[in-house]
Amino acid sequence: MKVQLLLILVLLTNLKLLGSSRLGSSIRTVAIQGSLLGLLPLFIELDSLNWRVMTLAIGTVFLKGFVFANLLFRAINVANVNREVQPFAGYVSSLLYGIVALIVSFWLGQILNLGQLSYSPLIIPVSFFGIFSGLFLIVSRRRAISQVLGFLVLENGVFTFGAGIIKMTSLLVEIGILLDVFVAILVMGITVFRISQECDHIDTDKLITLKD
Amino acid sequence: MTISILLKTTISILASLILAPILLGIINRVKAGFAGRVGQPLLQPYYDIFKLLKKGLVYSTTTSWIFRWGTLVSLAVIVCALLIVPCGPFPALISFKGDIFLLVYLMGVVRFITVISALDTGSSFEGMGSSREMFFSALAEPALLLALMGLAKVTDSFSLTSIANTLSATNWFNNGASLALLMGTLFIVLLSENARIPIDDPNTHLELTMIHEVMVLDHSGPDFAVINYISALKLWIFSAIIAPVLFPIHTNNIIADFSVWLSGMVLISIAVGIVESSMARLRLTVIPQFLLGATALAITAIVLTWIG
């Protein structure tokens with residue numbers, strides 16, 4: 001039941017991301033989503049807690065809930081942007097896309113019936129919905145920061161899938177993925193900073209006009 | 001047996017007709033409390049209605065019979081809607097499979113009549129209000145329909161009375177998340193349909209921001225009293241749909257059930273008052289997004305009942 005609740009909250013944060021234009025609140029929402037997902041392995045293995053799960057949960061909450069949010073907040077402060085202006089797909093169409101993606105995810109969850117492998121029937125739909133939302137955020141938003149957020153949401157979707165079948169994956173793999181994501185966000189944060197320094201904006205669609 | 005049912009339904013209708021305006025009074029008191037004022041008396045909406053009923057009528061020369069009949073017809077339609085909405089433990093007079101759809105369409109008829117009366121005055125200002133009202137309610141309607149369908153799915157029953165009677169604490173254990181989402185959707189629809197704050201401000205008189213209020217500017221005296229009464233009934237109907245979801249408690253004592261249900265109604269009004277005091281009005285361009293968000297919540301709820 002608690003796992004269900006966590007997953008539903010994750011799902012709602014995705015819907016919120018699709019419909020919100022403020023970068024600050026989006027970063028906060030992604031941080032909340034990351035923390036919720038960090039808690040997910042804890043709740044799944046509540047009766048057989050071991051140091052492996054604990055490390056993973058603490059590491060995830062620390063990185064996704066605090067470190068990434070700090071890095072991204074620093075980036076938007078430096079670049080001096082606070083909202084997404086004129087995204088390629090408006091917020092109403094993003095939400096409509098979200099509704100369709102939600103239904104498709106649940107449908108996929110039904111045909112991809114992993115049965116005893118997953119802890120909750122919601123794991124697969126929620127992870128697919130995260131992946132779909134993340135991909136959509138990457139292609140539909142103009143600001144580089146929003147695209148970084150899209151990447152994080154996409155990764156969170158994949159993480160949901162991994163956390164749901166954590167018995168199968170080793171700690172090393174999970175920590176490795178976390179490290180990867182950390183480096184990716186660090187690099188992206190620096191890139192966003194450099195772009196804003198060089199071009200006075202972080203609109204990715206204007207980058208095609210660059211000449212060397 | 002039949003006599004007791006008849007008695008119960010009579011009580012249901014009378015209670016709705018008499019108690020409805022008090023919800024507006026509660027909202028006003030909560031808002032006043034938040035602003036640090038004492039606020040108007042709890043029964044002020046009744047006083048207002050009686051005061052207006054005593055006044056004379058003024059009709060603009062550009063209006064036709066549509067304007068004159070509009071208020072009465074909408075009153076008649078909203079009372080029809082009241083007949084299918086149960087009053088807590090007291091069943092509705094009419095109840096059949098699928099009356100949830102009838103309710104949505106009766107609300108649509110009320111809206112249609114209000115809008116054509118507004119257009120009948122020939123004022124461009126009221127035309128603007130009508131167009132906004134239609135736009136936003138077109139977005140709120142799917143949310144309402146989907147939320148009612150979600151409730152029907154959770155309880156496996158298709159009429160408002162049987163939904164209210166079937167809902168129980170077990171539903172909250174099995175489908176708690178869905179019910180919470182459905183309640184959220186219904187609350188947003190309540191705010192939108194009753195011209196409440198994040199969507200529309202019932203107190204505003206600034207022409208650029210008005211939606212609902214602007215459509216009834218030309219109504220005066222008894223007509224305006226009827227309009228006020230209709231809006232009270234509308235708020236009552238929406239609260240009466242949410243209250244059984246909030247407190248799905250069935251004891252065998254009908255008085256206890258009724259008081260639990262009434263406290264649910266009061267809580268909903270208090271919640272509306274809190275939202276109005278703590279939130280600012282949304283920008284007009286953000287409202288469609290907000291209402292679509294409500295639809296998304298309803299769909300999520302339905303999909304969740306489907307899986308679990």
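This is a predicted model: local features need pLDDT of at least 70, side-chain atom pairs count only at pLDDT 80 or more; totals for chains, interfaces and linings use all residues.
## Basis

Local features need pLDDT of at least 70 and side-chain atom pairs count only at pLDDT 80 or more, whereas totals for chains, interfaces and linings use all residues. Residues are numbered from 1 along each chain as its sequence is written, and chains are lettered from A in the order in which they are written.

## Chain B

Chain B holds eleven helices and zero strands, where helices are DSSP runs of H or I of at least four residues and strands are E runs of at least two, numbered from the N terminus. Its C-alpha atoms fill a box of roughly 55 × 45 × 40 Å along the principal axes.

Of its 308 residues, 49% are buried, that is, have 20 or more other C-beta atoms within 10 Å of their own, with C-beta atoms placed from the backbone.

## Contact between the chains

Chain A brings 16 residues to the contact and chain B brings 13, contact being C-beta atoms, placed from the backbone, within 7 Å. Helix 4 of chain A gives the most to the side of chain A that touches chain B, with eight residues.

## Nonpolar core

The largest nonpolar core has 145 residues, of which I145(A) and I242(B) touch the most other members; such a core joins buried Ala, Val, Leu, Ile, Met, Phe, Trp, Tyr and Cys residues through C-beta atoms within 7 Å. Helix 9 (residues 221-246) of chain B provides the largest share of this core, 18 residues. Leaving aside residues up to four places away in sequence, the residues that I145(A) touches include L23(A), L72(A) and V192(A).

Conventions. A residue is buried if 20 or more other C-beta atoms lie within 10 Å of its own, exposed if 12 or fewer, and partly exposed in between; C-beta atoms are placed from the backbone. Two residues are in contact if their C-beta atoms, placed from the backbone, lie within 7 Å.
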